[in-house]
Amino acid sequence: MGNLCLYAKQDFPISDEQINEAILNALANRDIKKALIIPPDMSRSNSYAGPITRMLYRYLTDKNAQVDILPALGTHVPMSEEELDEMYTSIPHDRFLVHNWKTDTIKIGEVPAEFVKEISAGYFCEAVPVEINKRVLDKSYDIIISVGQVVPHEVVGMANYNKNIFVGCGGSGMINASHYIGALYGMEKMMGRDHTPVHKLFDYALEHFLQNVPILYMLTVTTVKGLEPQVECLSIGENRDTFEKAIAISQQKNLTFLDKRLKKVIVYLHEKEFKRTWIGNKAIYRTRMCIEDGGELVIIAPGLCGCGEDKENDRLIRKYGYVGRDRICRLTQENEDLQKSLSVAAHIIHSSSDDRFTITYAPGHMTREEIEGINYHYMSLEEAMEKYPIHSMKDGFNTIDSEEVFYISNPAVGLWAEHESFWGKE
């Protein structure tokens with residue numbers, strides 16, 4: 001089939017009826033007896049993947065197809081029954097599979113060291129193993145439908161497309177290497193952009209090792225109005241053009257440019273979506289390009305209860321703390337546990353301001369000792385909620401006690417940057 005792309009018109013988002021019709025058109029004339037759907041987990045609740053996956057499930061089961069659903073967890077914890085019920089309402093739990101990034105993958109190839117060195121500007125000079133969940137290679141599936149959200153991203157530049165496969169359903173070698181390559185190259189040179197080193201890594205792996213796997217991509221671009229996601233673009237197809245069309249819309253809808261850097265930014269992390277700093281630090285990634293030197297970032301996180309998405313990652317973050325790029329690079333060279341967990345080293349690089357601005361967390365379920373132990377400033381949740389009445393604040397500029405602050409109600413839906421510095425990056 002050719003690519004199919006829907007765009008919102010003026011102030012009217014794409015409707016469920018339009019999405020459902022697009023799904024019917026995309027799957028028409030296909031003989032599908034067994035399908036694997038790969039949607040995101042709860043950390044991408046604004047992707048609109050929930051309703052789209054429900055539409056796909058209903059359509060395919062009405063055609064008597066067997067449907068399996070493999071959430072693209074990457075290193076994240078499995079979805080709870082409550083999260084499945086909330087995001088994928090009415091789909092039986094026994095249709096969901098769980099991806100284990102350490103045990104469920106098969107190595108299908110290797111990206112050569114020479115290519116990796118070239119694309120990473122010499123920052124990383126090792127071959128990268130390509131490992132993906134064995135179910136993606138199961139030839140009994142007539143189709144694999146990858147449902148994802150295109151949005152600025154700290155590791156790859158612009159999520160989604162084949163990141164959903166090589167990270168969301170990937171193994172430790174690819175996850176670790178891709179994260180570290182991006183961190184060393186510099187996320188401020190990548191966020192919001194296409195054709196980054198990590199994109200090139202994934203594109204090489206797709207071209208050389210997955211050409212015979214029948215993947216159909218359904219990619220959304222969303223914005224959030226109030227608490228509800230709105231679909232600005234739905235791009236469906238089997239090749240990279242599907243991704244590039246969605247990127248163009250995301251760059252229009254999900255990037256917020258400011259005329260000057262900001263002195264104080266307040267970010268709210270919804271308690272159901274952000275429970276650990278591994279994901280919650282999007283508050284840092286997505287705002288670092290708009291905060292001035294000496295500025296302040298305050299993160300209000302009522303659901304925050306830990307750091308890493310698995311026990312070992314959590315242990316490493318607590319052991320080393322968010323200590324900045326230069327120090328963590330030295331520590332990685334000196335410590336085997338970090339060498340085996342390059343994605344953690346990358347996360348630590350991403351999650352520090354390198355002392356350029358202060359980062360204060362107001363967590364719901366972590367103590368002062370825990371927050372200060374990972375190298376952040378601490379504020380009690382009660383104090384933060386009293387000082388910054390988020391439920392009466394609007395996204396953007398607010399005046400609180402005669403002080404101008406910039407408020408962001410969900411950092412996962414965009415990227416905020418000072419205009420000149422963003423376009424001045426290579």
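Good morning, colleagues. What we have is a predicted model, in which local features need pLDDT of at least 70, side-chain atom pairs count only at pLDDT 80 or more, and totals for chains, interfaces and linings use all residues. Residues are numbered from 1 along each chain as its sequence is written, and side-chain values use heavy atoms, with hydrogens and water left out.

I begin with the sheet. Helices and strands here are DSSP runs numbered from the N terminus, with helices being H or I of at least four residues and strands being E of at least two. Six strands form an open sheet with mixed pairing, in the order β1-β10-β9-β6-β2-β3. Which strands stand at the edges? They are β1 (4-7) and β3 (66-69), each with a single partner strand, so one side of each is left without a neighbour in the sheet. From one strand to the next, the twist averages 20°; axes are lines fitted to C-alpha atoms, for helices over the stretch in contact, and angles run from 0 to 180 degrees between N-to-C directions.

Two strands pair if DSSP finds at least two bridges between them. Cys5 has Ser235 as its bridge partner in β10.

The term denotes a side-chain nitrogen of Lys or Arg within 4 Å of a carboxyl oxygen of Asp or Glu. The whole structure holds 26 salt bridges. One of them joins Glu232 and Lys253, at 3.8 Å from N to O. Glu232 lies in strand β10 and Lys253 in helix α8 (residues 240-253), so the pair ties together parts that are 21 residues apart in sequence. For accessibility, buried means under 20% relative accessible area, exposed over 50%, and partly exposed in between, with a 1.4 Å probe and protein chains only. Glu232 is buried at 9% relative accessible area, whereas Lys253 is partly exposed at 39%.

Another salt bridge links Arg315 and Asp337, at 3.7 Å from N to O. This pair connects distant parts of the chain, with Arg315 in helix α11 (residues 311-320) and Asp337 in helix α13 (residues 336-339), 22 residues apart. Arg315 is partly exposed at 37%, while Asp337 is buried at 17%.

Arg44 sits in the loop between β2 (34-38) and α2 (49-62). Is Arg44 buried or exposed? Arg44 is buried and yet has no salt bridge, the nearest side chain of opposite charge being Asp41, 5.3 Å away. In assigning charge, Lys and Arg count as positive and Asp and Glu as negative, while His and the chain ends are not counted. Leaving aside residues up to four places away in sequence, Arg44 touches Met87, Gln149, His153, Lys163 and Lys282, where contact means heavy atoms within 4.5 Å.

I turn to the aromatic residues. Rings of Phe, Tyr and Trp (its six-membered ring) pair if their centres lie within 6.5 Å; planes under 30 degrees apart count as stacked, over 60 as edge-to-face and the rest as tilted. The structure holds 11 aromatic pairs. In one of these, the ring centres of Phe166 and Phe202 are 6.0 Å apart and the planes are at 25°, so the pair is stacked. Distant parts of the chain are linked by this pair: Phe166 is in helix α5 (residues 163-166) and Phe202 is in helix α7 (residues 197-209), 36 residues apart. Phe166 is buried, at 0% relative accessible area, and Phe202 is also buried, at 0%.

Phe397 and Phe406 form an edge-to-face pair, with 5.0 Å from centre to centre and 80° between the planes. Phe397 is partly exposed at 36%, whereas Phe406 is buried at 5%. Phe115, Tyr204 and Phe209 form one aromatic cluster.

Finally, Gly186 lies in the loop between α6 (172-185) and α7. At 15% relative accessibility, Gly186 is buried. Gly186 and Val130 are 56 residues apart in sequence, and their C-alpha atoms are 22 Å apart in space. Thank you.
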